Amino acid sequence: MKVTKADIVISAVKPEQYPEDQLPEIGLAGRSNVGKSSFINKMIARKNLARTSSRPGKTQTLNFYIINEQLYFVDVPGYGFAKVSKTEREAWGRMIERYIMERPQLKAVIQLVDLRHAPSKDDVIMYDWLKYHDIPVIVVATKCDKIPKGKWEKHLKVVRDTLKKKPEDPLLLFSSETGYGKDAAWSTIQNYIQK
């Protein structure tokens, strides 16, 4: 997909703030420092529409990005970040849960994991939760440029085994540095939004 237009439409915390135009939505979930903003920016060929931060846990709202007037990326707050109070974490949890469980426009969730490390306990919990609620998941292993190509398969196996990934869920490699995997990610997304 060639992205010619992308904008952030709203940062929402409750359903009445969500866009009303019924376009398909793809959620983005991942640990706080997994590179969600970098993923978004690379996918939409923009330097910093999604703000990257050296301070994990910065996204505290559901950020709706409209792409080519055809679909939304919805960036949800990162999980597994300890410096946030328990109350705040619970509030985010409820906000994310409500969005993912009750949003008919949501076609799939892209769960980003860092290829360099085995998925964390939080990654596993998130994946299991999405599967339990029958939410389609696209697993994207980021930062593949940081690992020699010859070792990709070994690392992918760790991701598959740790998540106990179901065969129907795509597992894609991605690098926001080099753009590797961008086309594969777009064609996978398009399969889901056409369903």
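This is a stop-by-stop tour of a predicted model, with something to select at each stop.

**Ground rules**

Residues are numbered from 1 along each chain as its sequence is written, and side-chain values use heavy atoms, with hydrogens and water left out. In this predicted model, local features need pLDDT of at least 70 and side-chain atom pairs count only at pLDDT 80 or more, while totals for chains, interfaces and linings use all residues.

**Colour by confidence**

Start with pLDDT, the predictor's confidence in each residue, from 0 to 100. The protein chain averages 87. At least 70 is reached by 89% of the residues. Now select 53-58. Here the pLDDT is below 50. The stretch has seven contacts in the model beyond near neighbours in sequence; contact means heavy atoms within 4.5 Å. Where pLDDT is low, the predicted coordinates should not be read in detail.

**The sheet**

Switch to cartoon. Helices (H or I, at least four residues) and strands (E, at least two) are DSSP runs, numbered from the N terminus. Seven strands make an open, mixed sheet, ordered E1-E3-E4-E2-E5-E6-E7. Two strands pair if DSSP finds at least two bridges between them. Select 6-12 and 171-173: these are the edge strands E1 and E7, and each pairs on one side only. From one strand to the next, the twist averages 25°. Axes are lines fitted to C-alpha atoms, for helices over the stretch in contact, and angles run from 0 to 180 degrees between N-to-C directions.

**Strand E3, residues 62-67**

Select E3. How many of its six residues are buried? Six of the six are, so E3 is largely enclosed by the rest of the structure. Buried means under 20% relative accessible area, exposed over 50%, partly exposed in between (1.4 Å probe, protein chains only). Leu62, Phe64 and Ile66 point one way; Asn63, Tyr65 and Ile67 point the other.

Now look at the neighbours. E1 pairs with E3 in the antiparallel sense over six bridges. Ile10 stands opposite Phe64 there. E4 also runs antiparallel to E3, joined by five bridges, with Leu71 opposite Ile67.

**The turn at Asn68**

The E3-E4 hairpin has three residues between the strands. Select Asn68, which takes a positive phi near 50°. Its relative accessibility is 15%, so Asn68 counts as buried. What does Asn68 touch, leaving out residues up to four places away in sequence? Met1, Lys2, Val3, Thr4 and Lys5. The C-alpha atoms of Asn68 and Met1 are separated by 9.5 Å, although the residues are 67 apart along the chain.

**Helices on the sheet**

Select 36-43, helix H1. Six of its eight residues are buried: Lys36, Ser37, Phe39, Ile40, Asn41 and Met43. These pack against E2, E3, E4, E5, E6 and helix H5 (182-193). Just after H1, Ala45 has a positive phi of about 55°.

Next, select 121-132. This is helix H3, lying across E2, E5 and E6 and running at about 160° to E5. Then take 152-163, helix H4. H4 packs on the sheet and touches E5, E6 and E7; its direction makes about 145° with that of E7.

**Arg103**

Go to the loop between H2 (86-102) and E5 and select Arg103. Arg103 counts as buried because its relative accessibility is 12%. A 2.7 Å polar contact joins its side chain to that of Glu25. (A polar contact is a pair of N or O atoms within 3.5 Å; within protein, one must be able to donate a hydrogen and the other to accept it, and residues adjacent in sequence count only if both atoms are side-chain atoms.)

**Salt bridges**

The whole structure holds 10 salt bridges, each a side-chain nitrogen of Lys or Arg within 4 Å of a carboxyl oxygen of Asp or Glu. Select Asp123 and Arg31: they meet at 3.1 Å, N to O. Asp123 lies in H3 and Arg31 in the loop between E2 and H1, so the pair ties together parts 92 residues apart in sequence. Asp123 is buried, at 1% relative accessibility. Arg31 is buried too, at 17%.

Finish with Arg160 and Glu153, whose closest N and O atoms are 2.5 Å apart.
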